[in-house]
Amino acid sequence: PTETTTPAIAGVVVSALTPERPMRLCTIHHEGREQAAVVTGDRVVPVRAINAWLGRAWPEDLFGLIARGLSPQIVRDAEATPTWLARSAVRAGPLYRHPRKILGIGLNYRDHAADLNAPYPTEPASFMKCDNTVIGPGDAIELPPQSERVTAEAELGVIIGRVCRRIAEADAPDYIAGYCLIIDMTAEDILQKNPRYLTRAKNFDTFFSFGPELVTPDEVGDVLALKVGTWKNATLHRENVVANMAFPPDYLVSFHSHVATLYPGDIISTGTPGAVVIEDGDVAECRIGGLGQLANPVRRAQG
């Protein structure tokens with residue numbers, strides 16, 4: 001496709017397509033607020049520091065960076081900025097708080113459908129989540145009083161990078177800004193009462209953790225080779241390879257672009273290899289080889 005551009009940033013032309021240089025971006029809690037940062041090895045460089053040092057005008061939140069169009073120039077700027085923080089010394093936040101859309105995909109691995117004794121879908125079984133569910137690494141998953149059986153599900157997240165409408169599956173990579181880790185939650189006992197209760201079962205506060213990094217496709221390589229694992233209390237519950245999805249990431253992007261226009265920062269949570277029941281005091285975790293790990297403690301909400 002023809003490359004399009006967005007306005008220059010202090011002389012930098014920013015491409016709306018996926019950058020040719022691999023990059024990892026994150027959001028950190030720093031200076032009393034959540035702000036975007038570039039990951040360079042074991043260091044993170046706040047975008048705010050890049051702007052101050054080099055006179056740039058990069059958006060200082062990750063959602064804004066995605067909307068503007070990711071550019072490899074920001075990595076070069078980060079490497080030229082002497083102000084940095086140790087990755088291990090900063091607390092990561094959710095990549096951003098307010099995506100326009102979060103699309104979840106149910107039963108995308110055949111083994112998971114068998115676990116639930118559910119009929120295997122012949123088309124993506126998608127649902128919507130709201131931004132009140134968003135939390136980040138280390139934030140507590142709160143078990144609601146209305147549910148006695150909540151499950152956590154490790155998933156690969158796809159982050160849209162360009163306005164995307166009615167595209168072919170072969171073109172989907174041009175619209176993907178990057179990938180991330182996700183832990184999705186379900187109030188399973190509510191859902192089991194009636195499948196029409198899916199929206200309620202999926203949308204309690206704290207029921208969607210994502211991060212800790214946005215990893216661009218060039219950094220990921222073959223997404224179908226990624227191994228996704230649901231862990232609880234440092235013990236593996238279920239693991240599978242993206243290649244075993246019924247509907248792989250590129251297909252999901254194309255399919256949903258024919259349903260509704262996808263916008264920069266929209267998230268597709270591609271389904272879990274297995275859901276694990278979580279209880280007060282547990283730690284739920286998503287691990288994806290090459291992308292990292294995402295962990296959240298679990299507590300029972302009061303009132």
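Start with β19 and β20, which form a hairpin with three residues between them. Select G290 in the turn: its phi is positive, about 90°. This is a predicted model.

Now select residues 283-288, strand β19, and residues 292-300, strand β20. The two strands run antiparallel. Six bridges join them.

Pick out two of the residue pairs here. Click C286, then find its bridge partner in β20, L294. Next click R287; its bridge partner in β20 is Q293.

Move on to β11, residues 141-143. How does β11 pair with β20, and over how many bridges? The pairing is in the parallel sense, over three bridges. Select I141 and look across to β20: V298 stands opposite.

Now show the whole sheet. Follow the order β11-β20-β19-β15-β16. These five strands make an open sheet with mixed pairing. Which strands lie at the edges? They are β11 and β16, the latter spanning residues 235-241. Each edge strand pairs on one side only. Turn the view and compare neighbouring strands: on average they are turned by 20° against each other, direction ignored.

Last, colour the chain by pLDDT. The chain averages 91, and 90% of the residues score at least 70. Select residues 1-8, where pLDDT is below 50. Beyond near neighbours in sequence, this stretch has 13 contacts in the model. Then select residues 11-19, where pLDDT stays under 50. Here the model has 37 contacts beyond four places in sequence. Where pLDDT is low, predicted coordinates should not be read in detail.

How values were computed
Residues numbered from 1 in each chain as written. Predicted model: local features only at pLDDT ≥ 70, side-chain atom pairs only at ≥ 80, totals over all residues. Heavy atoms only, no water. Pairing = 2+ DSSP bridges. Helix = DSSP H or I, 4+ residues; strand = E, 2+ residues; numbered from the N terminus. Axes fitted to C-alpha atoms, helices over the stretch in contact; angles between N-to-C directions. pLDDT = per-residue confidence, 0-100. Contact = heavy atoms within 4.5 Å.
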